[in-house]
Amino acid sequence: MKACNTLVQPQKQDDALVATSLVMRYRNSAVPALNDFSLQVGKGEFFGLLGANGAGKTTAVSVFSGFLSPDSGSVSVMGMDFGRSVNTIRQILGLVPQDIALYDQLTAQENLLFFGRLYGFSGKKLQDRVDQCLDFARLTEQATRRVYTYSGGMKRRLNLATGLIHLPQILFLDEPTVGIDTQSRHLIHKQLKDLNQKGTTILYTTHYMEEAQELCSRIGIIDAGKIIEQGTPDGLLAQSGCRNLENLFLHLTGKQLRDT
Amino acid sequence: MFKIITAAGKELLLLKRDRAGLLVLFLMPALLVIVITLVQENVMELTGQKNTQLLLLDLDGGALGRSLRERLMTEHIEIVVWDKQFKKSIDVQTAVAGGEYQVGLIIPPGSSESIREITEQLFQKGNQQGKGQSRARLSMDVFYDPGIMPGLRSGLNAQLQMALEGIAMGDKIEILDKKLNNIIAHLGLPQDSLPVAGLSELIGQPLFVLEENNGDLGATESPPYNPVQQNVPAWALFGMFFTGIPLAGVILQERKSGIWIRLASLPISHLILFLGKVVTFVGVCLCQFLLVGLIGTFLFPYIGLPAFSVSLNPGAVFLIVLLSSLASCGFGIFLGMACSTYEQASTLGYTAVVASAALGGVMVPVYAMPQVMQQVAVLSPLNWGLTAFIDILVRGSSLSVIWDDLGRLALFFILTILLAWKLVRARR
């Protein structure tokens, strides 16, 4: 396995996310989920975090979004840290969790209205945002159907749209295309590219290499809670001499199964 | 406030769509209060809180039986007289042993004559010579339902004994009156030299009067005790505390899905989200109490039970219901945060509520528990609520008497919510 220089540059004005030397250990776990994890994502970037199951991707996203507090290290989002500006960060941060984060017994419209109101939207502005999100997820026609009646792909699209209800400046997506059909995945990819082009910074975790290669301007490979390599997909391939990202990934992380 | 209303609205919508869950929440306390109150009607018979039925078989058919019936004819004893032509002693014994009547009494044939003779003998010349020897007595068979409480049995026994002694005393005075009049006539004294006229009435005149007095304890006039005034609030409370379990389920459902992470990424505190749930579930608890109260008020009279009444102090009753509901919601939220799975929460929740209800006096009155359990009972939130209800609805106390119980319920709510919030932060 190849070692990687994880030193992070001092924070710059155009940094959207800076994580420095994060260590995070779950109770009753022998190994840390994040181990001296450092990362810098610039504003407007589409950053892919690639890793095997249990590599620490979801833990990293949970720490970046303030859901978990690291044992040590620091996180700053748009130049602010959670200790001082937690509510400001949460107002500009969007999160799309790996599990479907929707109320099954509510309709798509009711889910969006609920989360929109909690972000402080009301009246026409709220209704406009709900309509835009439904359109984004291509669910306008099914807006009044309860979520439990949706297919997996519809739920994933709504899950993503709900994370965008408040027009976040930075968006964390934790494996948003797991278990969905090609059509839904294609739509999600297209919408995310559009969103990124309009200026939203995106941090995207996945273990689909082709997805990372298609979407991301830069990728980081995480293994055992640590970034072991990062750079542009083309740059990394050129540097390693690997034919594709999958080969590079296996080259860096090895072929041993990662059962945790 | 807007966000609390938003969270409450979402909970209401989810509850509205879970019709089966909602039905259970309302059906359970409604069924419990009807069944338990009907069952306790029988308990009341056994404890003497209802009219006691005395089965009388008068094989004598004379003055003794008539006199005894007159003396026992109070508002608490209903006398059923069996015809001696068709019934025997063994029938009385069987009926009482089977629980059809609480007490059975047989007046043997010739009793009126016998008691007359025995009384006459007492005033016979020279009867003092036999002092120390056993005198003639009239024996009567009395049977008690083996199921009645010892206190009721003692009370009935004393009442029967007093009635019979009263009859005997009347007979004695009557004979004494005659004897004294004979002596006065024999001595040639004027008739008014001794106050023997109306001696029987004079001696029978009671000199003591026991007056039930609640003193100046802030108690207003309360309705006579009936199980409805206790059962309606008790089982409504039981149902209200069960509401904590579905509330814990709602939280666990959020925690186990991605919703919890999404909620945690919102620019609002979990306290706001908790309060939203509290608003909705307090509403559910209030409706539960209303339903059970309406059943007690309007349905019970149709099934032969006394009607439930909150007319004494409706404001205080509302305050107790509100604070009990808050305590129940606090319990549910804490349960949802402390447990890892719904199975854990439901098992722990049901056990805690049933144990708390048993300790709190919902099933067995606290005063009937062993001393140690009575001391433990004060730890049960259901006990605080029930004590407050009984103070207001049964004892007719004023609001000032229940402040300490209301304070405990409020403190329990605040404590459980803070603990739950602490758990949210600790889990980060």
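I first checked the length of helix H4(A), residues 123-136: at 1.5 Å a residue its 14 residues should span 20 Å, and the end C-alpha atoms are 20 Å apart, which agrees. The expected span is 1.5 Å times one less than the number of residues. Helices here are DSSP runs (H or I, at least four residues), numbered from the N terminus.

The model is predicted: local features need pLDDT of at least 70, side-chain atom pairs count only at pLDDT 80 or more, and totals for chains, interfaces and linings use all residues. Residues are numbered from 1 along each chain as its sequence is written, and chains are lettered from A in the order in which they are written.

I then looked up burial (buried: 20 or more other C-beta atoms within 10 Å of a residue's own; exposed: 12 or fewer; C-beta atoms placed from the backbone). In H4(A), Arg129(A), Val130(A), Cys133(A), Leu134(A) and Phe136(A) are buried. Seen down the helix axis, the buried residues of H4(A) fall within an arc of 155 degrees, so they line one face. The arc is taken from the directions from the axis to the C-beta atoms. On the other side of H4(A), I found Lys124(A), Asp128(A) and Asp135(A) exposed.

I noted that the cover over the buried residues includes H3 (108-118), H5 (152-162) and H6 (182-197) of chain A; contact means C-beta atoms within 7 Å. Arg138(A), which follows H4(A), has a positive phi near 55 degrees.

Finally, I recorded the contact between the chains: 24 residues come from chain A and 18 residues from chain B. H1(B) gives the largest share of chain B's side, six residues.

Terms used. Two residues are in contact if their C-beta atoms, placed from the backbone, lie within 7 Å. Helices (H or I, at least four residues) and strands (E, at least two) are DSSP runs, numbered from the N terminus.
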